[in-house]
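Please keep the structure in view while reading, and look up each element as it is named.

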Amino acid sequence: MKKRYLCTGNEACGEGAIRAACRFYAGYPITPQNELTAYMSRRMEEENGTFIQAESELAAINMVFGASVARARAMTSSSSPGISLKQEGISYLAGCRLPAVIINIMRGGPGLGNIAPSQSDYFQATKGGGHGDYRIIVLAPANVQEMFDFTFEAFDLADKYRIPVMILADGILGQMMEPLEFDENIKPKKIIDKPWALTGAKNRSAKSIRSLWLKPGSLEKLNEELQKTYKGISEKETRYEEYPTKDADVVIVSYGAVSRIARVCANDLRKEGIKAGIFRPISLWPFPYKEIRRIAGRGTKFLVVEMSAGQMVEDVRLAVQDDSRVDFLGRMGGGIPEEKAIIERIKKMTVIS
Amino acid sequence: MDGKKIKIRIDAERCKGCMFCVKVCPKKVLDKGGKVNERGVQCVIVKAPEECIGCGLCAIMCPDSAIEISSG
Amino acid sequence: MKKMFEKPRSMTCARTHYCSGCGHGLIHRIICEVIDELDIAGRVVAVAPVGCAVLAYDYWDFDTTEAAHGRTPAVATGIKRVLPDNVVFTYQGDGDLAAIGTAEIIHAANRGENISVIFVNNGVYGMTGGQMAPTTLLGQTTATSQFTRRADKEGFPIKILEMMKVLPGAVYLERTSVHSPKEVAKTKSAIMKSFNTQLGKKGFSMVEIISPCPTYWGMTPLESMERIEKEVIKVYPLGSVKDTLPQMSSSRTRGSIKPRNTICDRSPRSRG
């Protein structure tokens, strides 16, 4: 029986984790994700899970590392500066092939920045903010319902591929309230077992979980294993949303909160007879290169819109392989792209053609 | 240890020649002088087994678990 | 022939990589003796540090993970909270615990995490070539205090154990050494008491062990043991720093020693 709630995106992430049987959360206060930490401090108690407010974001990610070593479904959340502190821990999680869920409610940067929404951590999230050849799955919700759904599903993805999964949202999605609906007794279909976990070598030989591989060639072998996993993920887990692009002259490529603005622009433009389409990457890694290339095959133009100086635009250019057809419009430091500016730019782009 | 035969076994490949055992042995049973092991260490050997009283201090001090003591 | 002394069961047969006369090998063995006597090898999940002892999992025959440098107490917190009935201990050097991991160790103690911490204080960073550590003594020369450590330039040797005494969460704190059989015996009973504290669910306990590093003290193994006696324990006095649990014994309280199998009858496992 479906129940409806009115809650913030932050709380939706929290409930999504609880319903996914996550019973370990370590966090640290930072705006604009505080509601999530506060929510977990209550809900984990109610579900007799573990909530720890750690001494720092990097202690928190390492607590998640420990909980994951011990087979728990574990999560941490923070916002941009805090996520920077977690990068070393994320690299260790990847190197040890440990599942974990990390939520980044992005804010203006660099440095202390501000507490306005932003998308300027795209590179950090998708190109690896830590050291070494590793990837993490990055999902970008665009509404409160997806904040719940993607967090809920992140735990299955993390366990299945033994990889950290990041939910990349921003201050808008984190702090705004919208209806959220889910089946009252929703729970994970099946939690796969984890023979690799460390629970004490009773009636089995001792094991270790580590990322130090000093013997020549052994680290290379581990990396080959990782790359094989990443290839499989790219083939099976790439996600995106397409809005009429078949006849589109210009496709607006954007994700997260910005994709909601793009949708309004596309509708308004169509009313004025300009055929505009929407392409929304949902998995930022693995990035939908092939799908964008398919659309580009029809000679369409692209306007990439981001709350940053232009980061995802590089991946779109990689996909399209023709810079003349990829334009960029962005706002930095917490600025939000406005509908008027997007519509003006697209009109200019379509007049010349 | 009247009548009881104490046997000290030093694993030459594990010994790193730190001499802790030699220093703590109250009866001067041990000393350097063994063959040079694979790691180029001249390991400790049991020089005067009959003096051994089985106190075990040598094994307690060995950082490399190279000393095994058995009796009877 | 009855075995009177041999390598503990929970220690693998691997030959350690530690230098001749290094205290790590000794402390590893003492921990394994305690684990054997408490018969808890099947319940232990250990957290190894970054430092010389990072390879401890090659020498311990129980589950071990490895933390990012300094984050060992945070990793152990995560494990212990998820597995409250397991025995979780961290093994850390002075760089891991008293430098980069200062926040983690203090907050783990302040939360009263029910874990045991083995803190090996040998005054230098061994793995990376003998640099100055927070515990380097004044006047001591190291790779990064080549004009000796001077108070006005490099500050003072830090006394973490005494600092942690004021944290109510820390219920048992002791400093021991390994520079003589008597001290080795004291180290063993301190570790036993720390594990019993955890088994009794009494809270956070930590044993700091003064250990020799002949290679980077620039001495022979025997000279480094003498240095501990003459210099180090003057700055780092041995003994109980805090003991709120006198009833927690430091002798074997439960479990019994299973009959021992012969030494190294299991083939040493290679660890990739």
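In this predicted model, helix α1(A) passes helix α7(A) in a right-handed crossing. The contact draws on A:Gly9, A:Asn10, A:Ala12, A:Cys13, A:Glu15, A:Gly16, A:Ala17 and A:Arg19 from α1(A), while α7(A) contributes A:Val144, A:Met147, A:Phe148, A:Thr151, A:Phe152 and A:Phe155.

Two packed helices are described by the angle between their axes and the distance between the axes. For α1 (residues 9–19) and α7 (residues 144–161) of chain A, the angle is about 30 degrees and the axes are 7 Å apart. Angles under 35 degrees count as roughly parallel, and α1(A) and α7(A) are therefore roughly parallel to each other.

**Domains and chains**

The domain assignment divides chain A into domain 1, which covers 2–190 + 207–236, and domain 2, which covers 240–349. Taken over C-alpha atoms, the centres of these two domains of chain A are separated by 27 Å, and their contact takes 34 residues from domain 1 and 25 residues from domain 2. Between chains, two pairs touch, and the pair with the most contacts is that of chains A and C. Chain A and chain B, by contrast, are joined by no contact, and their closest C-alpha atoms lie 19 Å apart.

**Two sheets**

Strands of a sheet pair through backbone hydrogen bonds, either parallel or antiparallel. One open sheet holds five strands of chain A in the order β10-β12-β11-β14-β15, with mixed pairing. Its edges are β10 (240–243) and β15 (326–330) of chain A; each has a single partner strand, so one side of each is left without a neighbour in the sheet. From one strand to the next, the twist averages 20 degrees. Within this sheet, β14 (residues 301–306) of chain A pairs with β15(A) in the parallel sense over five bridges, and A:Val304 stands opposite A:Phe328 of β15(A). Helix α10 (residues 256–271) of chain A lies across β10, β11, β12 and β14 of chain A, and runs at about 165 degrees to β12(A).

Another open sheet, again with mixed pairing, has eight strands in the order β9(A)-β3(C)-β2(C)-β4(C)-β5(C)-β9(C)-β8(C)-β10(C). Its edge strands are β9 (208–209) of chain A and β10 (239–243) of chain C, each of which pairs on one side only. Helix α1 (residues 23–38) of chain C packs on this sheet, where it touches β2, β4, β5 and β9 of chain C, and its direction makes about 170 degrees with that of β4(C). Strands β2 (residues 44–48) and β3 (residues 63–66) of chain C run parallel and are joined by four bridges; C:Val47 has C:Thr65 of β3(C) as its bridge partner.

**Backbone details in chain A**

| Peptide bond | Omega |
|---|---|
| A:Thr31 to A:Pro32 | about 5 degrees |
| A:Gly109 to A:Pro110 | near 0 degrees |

A:Pro32 lies in the loop between β2 (24–27) and α2 (34–46) of chain A, whereas A:Pro110 is placed in the loop between β5 (100–106) and α6 (122–126) of chain A. Which value does phi take in A:Arg97? Phi of A:Arg97 is near 55 degrees, a positive value in a residue other than glycine, and A:Arg97 is found in the loop between α5 (87–95) and β5 of chain A.

Terms used
Residues are numbered from 1 along each chain as its sequence is written. Chains are lettered from A and ligands numbered from 1 in the order in which they are written. This is a predicted model: local features need pLDDT of at least 70, side-chain atom pairs count only at pLDDT 80 or more; totals for chains, interfaces and linings use all residues. Side-chain values use heavy atoms; hydrogens and water are left out. Axes are lines fitted to C-alpha atoms, for helices over the stretch in contact, and angles run from 0 to 180 degrees between N-to-C directions. Helices (H or I, at least four residues) and strands (E, at least two) are DSSP runs, numbered from the N terminus. Angles under 35 degrees count as roughly parallel, over 145 as roughly antiparallel, 65 to 115 as roughly perpendicular and the rest as oblique. A crossing is left-handed if the near helix is turned anticlockwise from the far one by less than a right angle, and right-handed if clockwise. Contact means heavy atoms within 4.5 Å. Two strands pair if DSSP finds at least two bridges between them. Domain bounds come from an automatic or database domain assignment.
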